[in-house]
Each structure stands twice: as C-alpha cells, then as structure tokens.
Amino acid sequence: MDAKLRMDYYAKKKLMDLLEANGLVFDEDSHLTWIPEKAKEVELFKFKNIEVKLIDAESTLVSKAIHAPQKNKQLIRQAIDSDKFPLLVERIIENNGKLNFFLEDNSE
Amino acid sequence: MNKRAFIKKIKEIAQQDKRRRLDSRYLKVMGFLVAKGFLYTNKKIHLNPNGHINLTDAIWAGRFVEPRILEVLPAAYGRFKKHFSGDAETVENLEHIIEMIKQKSDHKIEFYGISIEKIRPWFFIRLRDRRSKSLDERKVSKTFRFKPETVDILKKLKDQTGQSETAILEYLIATKRVDSSYKI
C-alpha cells in the first residue's frame, strides 16, 4: 500500500498490524510518492480522529506513468485503451512523461 | 507522432497485452501467487495453490504481462521451493538473492530491474495459508548435548509452564538471563 501518513507512532504501529493481518505491505518509500497537479482528493473515511483520503484514479495513473513507468507500462496502456481517462495522455505530456516509452518494442 | 497516432498505436499494443493476459503461462503463475497471497487481482482468476510453476514461464509473465510478478517471485520461490523448477542460472540467481536477504546485505542487486529493497518485504509478509513461515519466523535446527540434570530441569519447567523446551530456552536467551559476560 502506498500512502502518505500523518499519524503518531502508535497509530502507525496499529495500521501496520492491520495491514499485515490482511496480507498487505506498506511501501516505506510512500513519502516519495508524487501527487500531480490537478489531483482531486476523494474522501474515503471521516471518523472522529481519523481521515482517509484517496487520490482520483486518473491522477494516480499520471503519477505512475511519470515515476514508475517500467512497472506500470501495461497498466498505462490498458488505461489509455479503456477510454475512461480522457485527459491521461495530455497530463502525461504536461508533466514531461516519455510517451514513447509506452510504445517501446514489446516483442519477446 | 501526434496524439491521435500515439493513442492508435497504444491501442494496438494494448490488444497484444490483452491476449497475453489470457496466456496459460500468465494465468498459472497468477493463480499461484494470488492463491498464496503474494498478489491481489480484481479480475476473476482460477486459483492454483498447489500448482507447479516453471520459472521461465513466471519470468515471461513478469516481463510481458504483469511486472509485479517479478517483485514477488524471489520470495515466492524462497518460501515455496517445491512448487518451482527452472534452469540452473535462474535458480542460482534466486538463491543468491535469498542469501543476500538472509544476511541483511546492502549490496545493490536487482532481479530483472527490480531492486532488492522492493523484493525484501515479500519474504516477511504473512501469507494467506498461515502455514508457510516467513524468513524471520523460520526455525533453524541445532543439536546440543546437555548434562542429565539440565535435561531434568528443562522437563520440570516444561511441565510447570506448559511451554515447549525450545520455547523455554528461547525465552531464557531472549530475556538475557545469560549474557555475553557469562563464562564457564
């Protein structure tokens, strides 16, 4: 799980235990996650002491296309092919992403 | 290439990606990794927890269909060796990664472009079957020759506490009842 955490030690420890119990791993490099401009926050939970927000799917894809293209090559192609993210290509270009990378020879 | 031409080309390659997601090599590997709890997918997939995986097929699936397979493959191999087979070079490569992780080495090694920092956590996650031990939970077999009275004490402690003899010894060592200054 990638997440920018703002919480005290005990809350983080509890979160890590919950993730482990559910077979999930927190990526300790999450603080390096880049959130592109125009990203929209979507509220997932709002409790008395806890707020959890998601970044909209298109912005998440832009972030992946710019900072982890190798790991997400097929995902980005699939997203473009789906026509569900009409501004995805433009936003990759705006953020100096290498579009040609996603066209690179994929033959075996 | 203009934007329209780029999207057209991407759509062509995406069709190839789609065909590859139906390839039996990919489905078999994903079925195994999802069943064991290394990966998650929102697609309906036939789970394959007892399958036998060819490492060449797994690497193909990681390179051409789902790169996350490469991230978890060393840990899956390390924790379920009996389920895998492959050529000597790949096995040696994976054994080397496992050894580096056991030794907590900070050598910069990679597996098909994936850094050891990204590979390491998968050796320690709790898996779905709850039976396979992570690298830090695995027990190592050791043989000791004790004095008979020590064995008697150990047996008494076992009866009193209901703990195993191994658990009692581990507790004594962990609580440093015997520290490094101990001398015979």
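This is a predicted model: local features need pLDDT of at least 70, side-chain atom pairs count only at pLDDT 80 or more; totals for chains, interfaces and linings use all residues.

Visitor: Which domains is chain B divided into?
Guide: Chain B has domain 1 (3-123) and domain 2 (139-184). Those bounds come from an automatic or database domain assignment. Taken over C-alpha atoms, the centres of the two domains of chain B are separated by 42 Å.

Visitor: Okay. How many helices and strands are in chain B?
Guide: Chain B has eight helices and four strands. Both are DSSP runs numbered from the N terminus: helices are H or I with at least four residues, strands are E with at least two. Along the sequence the pattern goes α-α-β-α-α-β-α-β-β-α-α-α.

Visitor: And what share of chain B is buried?
Guide: 21% of its 184 residues. A residue is buried if 20 or more other C-beta atoms lie within 10 Å of its own, exposed if 12 or fewer, and partly exposed in between, with C-beta atoms placed from the backbone.

Visitor: Which residues have the most contacts inside the largest nonpolar core?
Guide: B:Val29, B:Leu33, B:Ile69 and B:Val72, in a core of 27 residues. A nonpolar core is a set of buried Ala, Val, Leu, Ile, Met, Phe, Trp, Tyr and Cys residues joined through C-beta atoms within 7 Å. Helices H2 (24-36), H3 (55-64), H4 (68-79) and H5 (88-102) of chain B each give two or more residues to this core. H4(B) gives the most, with seven.

Visitor: What is B:Val72 in contact with, leaving aside neighbours within four places in sequence?
Guide: B:Leu33, B:Phe38, B:Leu39 and B:Trp122. Two residues are in contact if their C-beta atoms, placed from the backbone, lie within 7 Å.

Visitor: Switching topic: how many residues of chain B are in contact with chain A?
Guide: 21 residues of chain B, and they meet 17 residues of chain A. Helix H1 (residues 3-20) of chain B gives the most to that side, with 10 residues. By class, the side of chain B that touches chain A has 11 nonpolar, three polar and seven charged residues. Here Ala, Val, Leu, Ile, Met, Phe, Trp, Tyr, Cys and Pro count as nonpolar, Asp, Glu, Lys and Arg as charged, and the others, Gly among them, as polar.

Visitor: What do the buried residues of H3(A) pack against?
Guide: H2 and H4 of chain A, together with H1 of chain B. The buried residues of H3(A) include A:Ile76, A:Ala79 and A:Ile80.

Visitor: Where does H3(A) bend?
Guide: At A:Leu75, by about 35°. The bend is the angle between axes fitted to the seven residues ending there and the seven starting there.

Visitor: What follows H3(A)?
Guide: A:Asp83, with a positive phi near 60°. A:Asp83 sits in the loop between H3 and H4 of chain A.

Visitor: Why does A:Asp83 count as exposed?
Guide: Because A:Asp83 has 10 C-beta neighbours inside 10 Å.

Visitor: What about phi in A:Lys38?
Guide: A:Lys38 has a positive phi of about 70° although it is not a glycine. Most residues other than glycine have a negative phi. A:Lys38 is in the loop between helix H1 (9-21) and strand S1 (41-46) of chain A. A:Lys38 is exposed, because 12 other C-beta atoms lie within 10 Å.

Visitor: Is B:Tyr112 exposed, partly exposed or buried?
Guide: B:Tyr112 is partly exposed, because it has 14 other C-beta atoms within 10 Å. B:Tyr112 lies in the loop between strand S3 (110-111) and strand S4 (114-115) of chain B, and its phi is positive, near 50°.

Visitor: Last one: what is the domain assignment of chain A?
Guide: Domain 1 (9-55) and domain 2 (57-103). Their C-alpha centres lie 23 Å apart. Eight residues of domain 1 of chain A are in contact with eight residues of domain 2 of chain A.

Terms used. Residues are numbered from 1 along each chain as its sequence is written. Chains are lettered from A and ligands numbered from 1 in the order in which they are written.
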